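The entries follow the order in which I looked things up.

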Amino acid sequence: MAVIADHCPEIQVTVVDLNEQRIAAWNDADLSRLPVYEPGLDAVVGRARGRNLHFSTEVDAAIAAADMVFLAVNTPTKTRGLGAGQASDLRWIEASARQVATAARGHTIVVEKSTLPVRTAETVTAILGAAQADGQGKTFSVLSNPEFLAEGTAIADLESPDRVLIGGEDAGAIEALAGVYGQWVPDERILRTNVWSSELSKLTANAFLAQRISSINAIAALCEATGAAVREVARAIGTDSRIGPKFLQAGPGFGGSCFQKDILNLVYLCRHYGLEEPAAYWEQVVMLNSWQQQRIARLVVRNLFGTVTGKRLAVLGFAFKADTNDTREAPAIRICRDLIEEGATLAIVDPKVEPEQIARDLGCSPGGGAASLSGEGGWVPAASPEEAARGADAVLILTEWGAYRQLDWVAIAAVMRHPAWLFDARAVADAAAARAAGLNVWRVGEG
Ligand code: UDX
């Protein structure tokens, strides 16, 4: 919405949320304190806020005044009831649709921005249709407009998207939304489809991207076993123009708010339509991802003489990828939990993730600072990689932050307990320098 406001000064954009604290944070005069860390976002908000970008908790008033309403609420995986563990929880979409139905005036175009299971537009249309029928002169058009931005590069992705997808039946509404994007996106990149194609395309794009990561991680394990090097294999296959070079980076498994959720959703949909083989096929992408995370925790333990109980391990990076403070489904969560369960004390550092967030994700507050042989694992926050490494038997790199490419391995090795290890699950560190400093080095995908 900030980017839309930035490019379309004649459109008034009001972002509303029920959460007062969140809205207050978006209105914070200090742009470094916005609730989402995303490179370049502060500048965009700084330019547009107060001019034609507003943040407010006056939800009904904003809906009543709007020609177009974007539904951008979250759709997490259901944790209970029918479809638990796979289907999307649509309670917030439904609640928002009901609120729009009540508060809207005149004609309103409702745009689904949240990632939704196919045919959700039907639910939204049914709720809005009931309001349309009650004789107050309200009318609605529903569009699907999934978002393909990736975190960490969100502003660049929005500034020059590969494509913008608009699904709908009402040609006038489609062109109204295309006109908004058309302010800065060339028309040939604005794809018009039917609603179901649009909804399914988002799930499919994420499933294909995640599948590439599971594929390369599966090959990484085979490389480690055979002496091949996964980065050489990735380069060799990536130069085939049919395969392409992107999304072939082996790592600790994919995280983030989308991939796992969207694939599980796809699996649920396939099963719903009686398509067992396609369901099992996509499910395997998620299973391979969990396996990769467990595999890394296990090989750390194995290399540290079969036990990490009472040992201190430095964990560098907790975010699910670099350049974000987002930890949703971060591979670090699973790997850290497994190591704590094994009795290790982890010293965790991340340039952008707050210790409070780490505590929430791990389900335990910091403690157990002094590594003990009692068997109780735990974790402590560290301010820098060097501090985390002090007294540690191993350093684990779990997020590919740029700073981890230039670590001073001599200084780090000097404060560790030897024999000491570097486990580089992102293959970003200078492995030769770490080896020269006296560390044993494991890199993902290398024999
Ligand atoms: C993803 C999609 O890319 C985006 O189009 C969609 O709108 C939302 O989901 P995001 O989750 O923000 O975006 O980040 P992405 O860059 O796709 O990375 C997802 C995960 O895959 C991260 O944990 C990342 O580290 C991992 N990854 C990515 C790899 O392990 N290897 C790769 O080669 C690429």
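The entries below begin with the model itself and then turn to the ligand.

Entry 1, the model. I noted that this is a predicted model, in which local features need pLDDT of at least 70 and side-chain atom pairs count only at pLDDT 80 or more, while totals for chains, interfaces and linings use all residues. Residues are numbered from 1 along each chain as its sequence is written, and side-chain values use heavy atoms, with hydrogens and water left out.

I found 19 residues around the ligand, the closest being Phe 148, Glu 151, Gln 249, Lys 321 and Arg 426 (a residue is near if one of its heavy atoms lies within 4 Å). By class, eleven are nonpolar, three polar and five charged; Ala, Val, Leu, Ile, Met, Phe, Trp, Tyr, Cys and Pro count as nonpolar, Asp, Glu, Lys and Arg as charged, and the others, Gly among them, as polar.

I looked for pairs of N or O atoms within 3.5 Å. Oxygen atoms of the ligand lie 2.7 Å from a backbone N or O atom of Phe 148, 2.9 Å from a polar backbone atom of Gly 255 and 2.8 Å from one of Phe 320. The protein covers 90% of the 660 Å² of accessible area that the ligand has on its own (Shrake-Rupley method, 1.4 Å probe).

I checked residues 276-303, a helix being a DSSP run of H or I with at least four residues. Its 28 residues should span 40 Å at 1.5 Å a residue, and the end C-alpha atoms are 40 Å apart, which agrees; the expected span is 1.5 Å times one less than the number of residues.

Note on methods: A polar contact is a pair of N or O atoms within 3.5 Å; within protein, one must be able to donate a hydrogen and the other to accept it, and residues adjacent in sequence count only if both atoms are side-chain atoms. Helices (H or I, at least four residues) and strands (E, at least two) are DSSP runs, numbered from the N terminus.
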